[in-house]
Amino acid sequence: MGLLVMILGLVLFFATHVFTTKREARAQAIARLGEGTYKILYTLVSLAGLVLIVWGFGHYRSSGWIDVWYPPKAMKHIAVALMLPAVILVVASYLRGRIYATLKHPMLAGLKLWAAAHLLANGDLGSIILFGSFLGWAVYDRISLKHRTDPGGPPIPVGGVTNDLIAVGVGLVAYVALAFAFHPVVIGVPVVGV
């Protein structure tokens with residue numbers, strides 16, 4: 001049951017996100033509904049999808065675990081190492097500096113690293129579906145960005161190396177918080193000692 005709920009959540013979550021890549025359809029929806037209503041609906045459907053993903057995955061982990069393969073222990077250590085640059089890249093997407101200018105889409109690069117790291121460390125069906133879906137979507141979205149004709153949101157100024165240093169510092173703090181507080185408490189899986 002949990003796996004099906006998670007998959008339904010993934011469908012809702014990614015349907016909204018894929019819809020935004022269809023720029024003409026998105027523009028028509030905004031024209032019909034108004035920008036505010038569109039954003040509210042987008043947020044509600046995405047949030048509903050996210051809640052179903054979290055609930056479904058949690059239920060699956062507690063009662064319906066299905067092993068597909070057994071990753072070597074080294075994969076877990078590689079995943080822990082990959083998560084540091086993944087977190088820094090996500091932060092760098094907001095503190096725009098040379099990292100942002102070089103990668104153009106550090107959020108998607110960070111998401112791809114996060115998903116790939118978790119695919120390496122987890123061999124169960126639910127994890128493969130969950131993290132594989134996020135990896136697939138990030139690849140799709142990066143490709144779709146190359147074909148968009150509109151600029152998306154308003155341009156945000158790009159800073160210099162100082163923004164990169166701040167992104168690395170904030171990323172390190174966020175990484176430690178995620179690894180030592182969030183992951184073991186909220187996810188129920190310790191990162192250290194696995």
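The legends below accompany close-up views of a predicted model.

**Figure 1. Division of the predicted model into two domains.** The protein is split into domain 1, residues 1-64, and domain 2, residues 67-193. Their contact draws 15 residues from domain 1 and 18 residues from domain 2. Taken over C-alpha atoms, the centres of domain 1 and domain 2 are 20 Å apart.

**Figure 2. Area buried between domain 1 and domain 2.** The size of an interface is often expressed as the accessible area that is lost when the parts come together. Here, domain 1 and domain 2 bury about 1,300 Å² between them. Carbon and sulfur atoms account for 69% of this area. On the side of domain 1, Phe 14, Thr 21 and Arg 23 supply 36% of the area buried against domain 2. No other three residues of domain 1 supply as much.

**Figure 3. Polar and charged pairs across the domain interface.** Five residue pairs are in polar contact across the interface of domain 1 and domain 2, with both residues of each pair at pLDDT 80 or more. Zero salt bridges are found across this interface.

**Figure 4. The side of domain 1 that touches domain 2.** Helix H1 (2-21) and helix H3 (35-63) each contribute at least two residues to this side of domain 1. The greatest contribution is that of H1, with nine residues. By residue class, the side of domain 1 that touches domain 2 comprises ten nonpolar, two polar and three charged residues.

**Figure 5. A salt bridge within helix H3.** Glu 35 and Lys 39 form a salt bridge, in which the closest N and O atoms are 3.1 Å apart. Because Glu 35 and Lys 39 are four residues apart in helix H3, about one helical turn separates them. The count of salt bridges in the model comes to two.

Figure 6. An unreviewed UniProt entry lists residues 37-57, 78-95, 115-140 and 161-182 under "transmembrane region". In the model, the span 78-95 is 83% helix and 0% strand, and its end C-alpha atoms lie 26 Å apart.

How values were computed
Residues numbered from 1 in each chain as written. Predicted model: local features only at pLDDT ≥ 70, side-chain atom pairs only at ≥ 80, totals over all residues. Heavy atoms only, no water. UniProt positions renumbered as here; feature names shortened; annotations may be inferred. Domains from an automatic or database assignment. Contact = heavy atoms within 4.5 Å. Buried area = accessible area lost by both parts, 1.4 Å probe. Salt bridge = Lys/Arg side-chain N within 4 Å of Asp/Glu carboxyl O. Polar contact = N/O pair within 3.5 Å; in protein donor to acceptor, adjacent residues only side chain to side chain. Nonpolar A, V, L, I, M, F, W, Y, C, P; charged D, E, K, R; others polar.
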